[in-house]
Amino acid sequence: MSDNSRNSFSGSLGFVLAAAGSAVGLGNIWRFPYLAARDGGGLFLLVYIVLALTFGFTLLITEVAIGRRSQQGPLTAYKFFNRRWAFLGWLSFIVPYIIYPYYCVIGGWVLKYFVTYLSLGGREAINDGYFSGFISSQWEPLVLMAVFAVMCFYIVYKGVEKGIEKYSRIIMPALVVMVLFICFYSLFISHTDSNGVTRTGLNGVAVYFLPNFEGLTLHRFLMIALDAMGQLFYSLSIAMGIMVAYGSYMKKSVNLGQAIDRIEVFDTLIAVLAGLMIIPAVYVFMGTDGMKAGPGLMFIALPKVFDSLGVFGMVIGMVFFLMVLFAAITSAVSILEAIVASVMDKFGWSRKKSVIIMASTGFVWSVVVCLGYNVLYFDYTLPNGAVGQILDIFDYVSNNILMPILAICTCILIGWVVKPNLLVGEMRLNGYRFRRKKMYIVMLKYVVPILLTVLLLTAFIKF
């Protein structure tokens with residue numbers, strides 16, 4: 001096989017593990033728990049699951065089927081269906097190209113915490129200013145980001161079956177075992193605070209799973225629904241070109257419908273378990289105030305939880321950040337692969353050349369993002385009123401603007417221009433009974449584009 005030949009997954013399991021590895025990343029283990037904590041636990045969970053089975057399913061199935069039907073990477077796949085819509089290919093290339101640099105930076109942060117706990121320095125991580133002091137230092141974040149980027153480069157450089165699939169088969173089972181271990185441990189911890197109030201892990205489970213409708217308004221419910229919808233982009237790796245690329249590596253003999261059903265179940269389960277792993281533990285030691293830690297939940301609040309567990313907390317912290325590191329690697333690899341697949345198919349480059357060029361240019365942008373917290377530091381007010389640095393600008397442009405636009409246009413292309421039956425036929429290959437066909441078509445043509453338009457508009461509204 002020449003280097004230019006299109007790689008493929010060995011079978012259904014290889015695809016499911018790789019796609020699930022992409023989906024189960026920082027979005028699930030970092031972002032999902034803090035959104036669930038902020039948005040009322042059980043209520044957010046209920047809305048998220050309903051949207052995952054409808055909104056998320058529709059976009060996931062569409063992107064994977066686009067990839068397999070066209071056998072093309074994201075940059076050229078849309079042109080396969082309609083030449084006038086080739087611009088969507090460029091959009092699906094730009095999105096992961098923007099995300100990859102700052103994902104490597106966050107991967108470096110996770111690596112920092114893993115090394116801290118591995119060297120038994122977990123007590124340092126609870127000091128006020130530890131996290132901000134680290135990211136604002138000039139050299140350490142750069143070095144750790146580079147180490148993380150090299151790991152991702154190596155896996156993608158090895159190819160689909162020998163790289164992505166091989167390492168997904170090792171990492172994903174290990175990640176699941178670690179998630180279950182910490183979940184189980186979180187259920188049986190308890191703590192009595194300075195006011196004499198005792199909270200247990202099971203109390204935290206109730207906060208997480210039971211919907212709280214107290215004081216719920218229509219505006220509040222809309223905000224929760226929009227948070228859950230935005231989270232699905234992260235959780236399912238949709239509107240990033242990733243699932244188009246992975247779909248293009250799927251053999252025609254694989255039952256596409258069954259594979260997607262498994263990804264949907266696996267990803268939702270891991271997201272729910274991530275919340276179960278984190279929210280009860282934070283609630284036990286820090287109450288509902290600790291649950292409001294927001295994005296800092298993983299890097300600021302959790303180290304304090306681990307510290308309160310004594311010596312065993314050091315071990316739990318090490319296992320936790322190793323698990324998050326695994327999740328970050330599988331997602332970053334999929335993002336880089338989406339970029340690499342695009343240029344291979346568009347320009348006919350070899351995998352080696354594509355990986356070297358794309359990873360190198362991405363690395364330059366990662367350096368810029370790192371320096372955005374020190375040498376290149378500035379505050380910028382985004383259109384939605386949030387104040388951020390370079391990383392936040394990259395995140396805002398990719399996640400709040402480009403991804404909803406790409407998803408809306410994909411729905412219009414497949415729902416109205418090409419017509420859904422083309423992809424429905426792809427789903428039904430190998431005898432899959434597409435029971436949600438009617439729901440899929442209605443969601444694709446009407447519901448999802450409307451919801452996405454609302455989500456896009458919120459990027460320009462100050463709350």
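1. A salt bridge is taken here as a side-chain nitrogen of Lys or Arg within 4 Å of a carboxyl oxygen of Asp or Glu. The model is predicted, so local features need pLDDT of at least 70 and side-chain atom pairs count only at pLDDT 80 or more, whereas totals for chains, interfaces and linings use all residues. Residues are numbered from 1 along each chain as its sequence is written, and side-chain values use heavy atoms, with hydrogens and water left out.

2. Arg351 and Glu337 meet through their side chains in a salt bridge at 3.0 Å, N to O. This pair links distant parts of the chain, with Arg351 in helix 15 (residues 351–371) and Glu337 in helix 14 (residues 311–347), 14 residues apart; helices are DSSP runs (H or I, at least four residues) numbered from the N terminus. Both Arg351 and Glu337 are buried, where buried means under 20% relative accessible area, exposed over 50%, and partly exposed in between (1.4 Å probe, protein chains only).

3. The structure holds 12 salt bridges, among them one between the side chains of Arg38 and Asp227 at 2.6 Å, N to O. Because Arg38 lies in helix 2 (residues 26–38) and Asp227 in helix 10 (residues 218–236), the pair ties together parts that are 189 residues apart in sequence. Arg38 is partly exposed at 42% relative accessibility, whereas Asp227 is buried at 19%.

4. Arg436 forms a salt bridge with Asp261, and their closest N and O atoms are 3.4 Å apart. Arg436 is partly exposed, with a relative accessible area of 24%, and Asp261 is also partly exposed, at 23%.

Conventions:
Helix = DSSP H or I, 4+ residues; strand = E, 2+ residues; numbered from the N terminus.
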